[in-house]
Amino acid sequence: MSTTTPPANESAKESVPESAPATRRPAPSGLVTALREHLAAADVRTAPDDVEPYRSDATGLRAARPPAAVVVPRTVEQVQAVARVASAFDVPLVTRGAGTGLSGGATAPADGIVLSTEGLAALRIDPDDQVAVVGPGAITNHIDLAAREHGLMYAPDPASSATSTIGGNIATNAGGLRCVKYGVTREAVLALDVVLADGTLLRTGHRSIKGVTGYDLVGLMVGSEGTLGIVVGATLRLLPAPTVVRTLVASVRGLPDAGRAVGVVTGSGVRPSTVELLNRATLQNIDAHSGTDLADRHGGGLVLVRTDGPGADAEIVALAAALEAAGLHAELLDDAEGERYYELRRTGRGRRDDLWSVGEDVAVPRSALVPVLEAIEEIGRRFDVEVSAVAHAGDGNLHPGLSVPRLPSETEPPARLHEAADALVRAALAHGGTISGEHGVGSAKRQWLEAELGAGQLALQRAIKALLDPAGILAPDGFLAPDAVAPR
């Protein structure tokens, strides 16, 4: 498990000592020359200062040695050529977007190739079909902003949307603040263009809203974390943008009360667009970073709820009444204050360099939300760690943070922090949950993969990868790496 202080957009893991040397041989001579036969010289980067920014994602996880090259293709044909070169030289190839990932899925391979999608950022809106046709390097909220010009929206709304790329969102099946109503990335992807490991261009899915011909290869590719192919184009479903959005906040005494508030909202018959949970430690972090007074105003934490669309006014009033009837105080916010709370949830937190921290991403059935929140508090007491929590609580996706003071003499976090994180993940699994709700598995969480999937399903998933990537060059250190076995 890697460690960090949480960044402003979401909980994460931090830089750790470099991993053990890769088992593949060093990059063969001639690799860079072969790449430069297909790309402009400036788009094949090998100088240490040019390569360094691409070595890790937001986790800080790094291979023991840098990649041989970072390539920035500008066309699909160039991506195909890079894949063919990687196959011919038998070197690992990892696709990378903006590097906002929180699972180590885009860690640069030692002596291999990093393929950056920053040169593939095409973006076109078709308002008649209500779709966006984009390259993998398009920034997520740029897609939404372009859609809004036509009265439409791109519904998935990850906290990193101002900087994350759509290719990265597709790789991890990213979620976000509006997913309780509109679903995660998979529900918004109609079609994908994918380059396979041997350079073959595969076109999957449909531009039409409906289409059931053959296997759902789009669904297979979304969330595959770059292990099956390189996404080079996507057709995304757009929806009419709501003209009315209403917001309330419910103050709570602690995590169990917050879980109860979420249960009232999700069991009310109203379908809110946002149900977010922030505990007291998270409010204190926001206050310290953003100059607010949320902890004083809301005590043990808050639940942020939004409704949107033509019925938003009636729905928010109904939700406020349901919360009050359950003994929970609800405050209706005006538009400006609602936007302020929403943005504070997204970007209001900051780093704490005086702490060793682990940020998790688990999801549980809604019925298990209160028991798991209680388990998180008990884990904090048992291992003597501070617990912070933010959550897309309406769909059971929890981002608890575990922290301990960082002593000046320490170079590594104490063992109890890793033990607490393991206990937290296993608590989610014990309640029918999953080790990752939206950030992906990558290398940071693969130790728990078999505990969730079982040996049989893990073997089947590796067989699917072997069919599409027989040499195993795509993200070889990702979630399907041979050591993806839970510790005993």
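Colleague: Where is A83, and why is it called buried?

Modeller: A83 is in helix α3; helices are DSSP runs of H or I with at least four residues, strands are runs of E with at least two, and both are numbered from the N terminus. Buried means under 20% relative accessible area, exposed over 50%, and partly exposed in between, with a 1.4 Å probe and protein chains only. A83 has 0% relative accessibility, so it counts as buried. This is a predicted model, in which local features need pLDDT of at least 70, side-chain atom pairs count only at pLDDT 80 or more, and totals for chains, interfaces and linings use all residues. Residues are numbered from 1 along each chain as its sequence is written, and side-chain values use heavy atoms, leaving out hydrogens and water.

Colleague: Which residues does A83 touch?

Modeller: Contact means heavy atoms within 4.5 Å. Not counting residues up to four places away in sequence, A83 touches L93, V195, L196, A197, G199 and I473. A83 and I473 are 390 residues apart along the chain, with their C-alpha atoms separated by 9.2 Å.

Colleague: What makes β1 and β3 edge strands?

Modeller: Two strands pair if DSSP finds at least two bridges between them. The open sheet has four strands in the order β1-β2-β4-β3, with mixed pairing. β1 (44–45) and β3 (93–96) each pair on one side only. β1 pairs with β2 (residues 69–71) in the antiparallel sense over two bridges, and R45 stands opposite V70 in β2. Helix α3 (residues 76–89) packs on this sheet, touching β2, β3 and β4 (113–116). The direction of α3 makes about 170 degrees with that of β4; axes are lines fitted to C-alpha atoms, for helices over the stretch in contact, and angles run from 0 to 180 degrees between N-to-C directions.

Colleague: What is noted about the phi of D90?

Modeller: Most residues other than glycine have a negative phi. D90 is not a glycine, yet its phi is positive, at about 55 degrees. D90 lies in the loop between α3 and β3.
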